[in-house]
Amino acid sequence: ILKESVMNIKKYFQVTILISCILLATFLRTSVTNANSITGNEDDLQSIQSVIDKLFQTHLNAQVKMTLSDYSSIADLDNPKSQEWLTKEERHDSTLIQIGNAYGYEYGNYKYSLEFNKINVNGHQADVELFENSLIEFLDTPNDPLVTSNLLHTIRLTKSNLGWLIYDDRYEDVIHLTIGEQSNATILNNIQRNIEASSIKNEEMTPTGDRNEINYTYNSSNAVNYAMGWAISYNPAYAIMTGLGGDCANFVSQAIFAGTNGSMSPVPVPPSKMPEFDQQWYRYSAYNLYYGSGAWVRVGGQSGQSGLMTFLTSNTGSGPYGSYAGRCSAFDGDPVFFYDSSRGWYHTVIITGLSGDCTNLNNYYVNGHTPDQSRVRLSYYSASTIQFINIVSYR
């Protein structure tokens with residue numbers, strides 16, 4: 001398997017991350033008011049924004065210090081719905097602490113900004129919708145921070161004698177995404193298993209096809225460059241799938257597509273042929289649901305069928321093909337998939353760097369959408385079952 005030079009990618013990372021850090025340091029501050037819909041008087045609005053700022057300060061400060069968040073001063077503890085939120089946050093923090101301790105996380109500084117999209121005040125109740133943008137540094141790689149963009153939060157508050165208090169905050173970052181509805185015992189077992197796992201050989205796989213076909217070298221540099229360029233934004237050339245189950249497979253497919261120099265299966269496909277061609281590699285149309293490939297926008301679900309992973313490992317036609325891989329058998333530009341028993345194959349990201357021991361998930365960096373993040377250490381996903389796919393070539 002031929003791969004592009006790692007040195008060129010590393011140089012790209014150094015320049016790109018440095019520019020990203022400068023830009024983020026310029027615009028990130030405590031909060032930004034840019035609401036599209038605001039109802040309520042000025043005093044209420046200021047009080048609501050103030051308590052929400054404290055929510056994020058508490059949350060991010062707890063993360064970098066690897067402690068449980070203490071929301072007691074800003075939570076509406078008299079509201080019965082608060083307990084559900086606080087329990088969910090405790091599971092989130094506990095999982096992150098377990099992962100951090102297992103992989104030796106040492107955090108540095110953090111910055112964030114909040115873009116308030118909606119603030120609706122109705123008497124003693126308030127609903128807020130905002131987008132979080134954050135940057136968290138690691139002491140061992142201060143110039144290579146974890147960047148999160150446009151993470152949607154829906155926050156609910158009640159007005160009491162003590163002022164505005166929060167009773168719910170709904171969002172799905174990497175930790176919430178990976179723990180899902182799994183039991184604490186399953187989460188802990190997955191983390192431990194992922195720590196102990198060693199290098200595993202690729203499964204034997206020989207895709208069939210036309211013997212006269214031409215196979216091309218997958219351009220991993222192009223795939224990585226695309227993933228770095230669009231991790232925290234969206235390419236207007238493609239439909240955005242955030243409202244239809246998430247944009248993760250769509251984003252990874254786009255990056256792989258860039259690595260194949262635009263190779264795909266023929267289009268269009270008539271509705272009568274959709275079941276037959278559902279796993280073929282061609283663009284999903286946002287304007288005509290009968291045209292476009294499921295592999296382009298789906299991860300795989302319970303069975304893995306009609307999804308990106310199945311397509312890559314069984315494709316005998318145009319486009320990329322690959323094999324199941326263990327650690328040390330996957331490279332920059334290769335996708336990674338995540339599984340749990342309740343959701344099946346539910347999420348995917350793409351490798352954008354490997355530094356150090358390839359058996360250690362902490363040394364892999366990945367980019368993805370939904371949540372939109374750049375340079376996430378793969379160890380963040382260790383509460384889940386992880387599967388690498390190595391893209392062998394493309395036709």
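Does R343 count as buried, partly exposed or exposed, or rather, which of these is it at 26% relative accessibility? R343 counts as partly exposed; that label covers what lies between buried (under 20% relative accessible area) and exposed (over 50%), using a 1.4 Å probe and protein chains only.

1. Before you read on: this is a predicted model, where local features need pLDDT of at least 70, side-chain atom pairs count only at pLDDT 80 or more, and totals for chains, interfaces and linings use all residues. Residues are numbered from 1 along each chain as its sequence is written, and side-chain values use heavy atoms, leaving out hydrogens and water.

2. Back to R343: its partner in a salt bridge is D340, with the closest N and O atoms 2.6 Å apart. A salt bridge here is a side-chain nitrogen of Lys or Arg within 4 Å of a carboxyl oxygen of Asp or Glu. D340 is buried, at 3% relative accessibility.

3. The structure holds 6 salt bridges. Another one joins K159 to D44 at 3.0 Å, N to O. These two sit 115 residues apart, K159 in strand β4 (residues 141-160) and D44 in helix α2 (residues 42-65); helices (H or I, at least four residues) and strands (E, at least two) are DSSP runs numbered from the N terminus. K159 is partly exposed at 33%, while D44 is buried at 9%.

4. Now have a look at helix α7, residues 248-259. Of its 12 residues, 11 are buried, so the rest of the structure largely encloses α7. Among the buried ones are F251, V252, I256 and F257. After α7 comes N261, with a positive phi near 55°.

Technical notes:
The expected span of a helix is 1.5 Å times one less than its number of residues.
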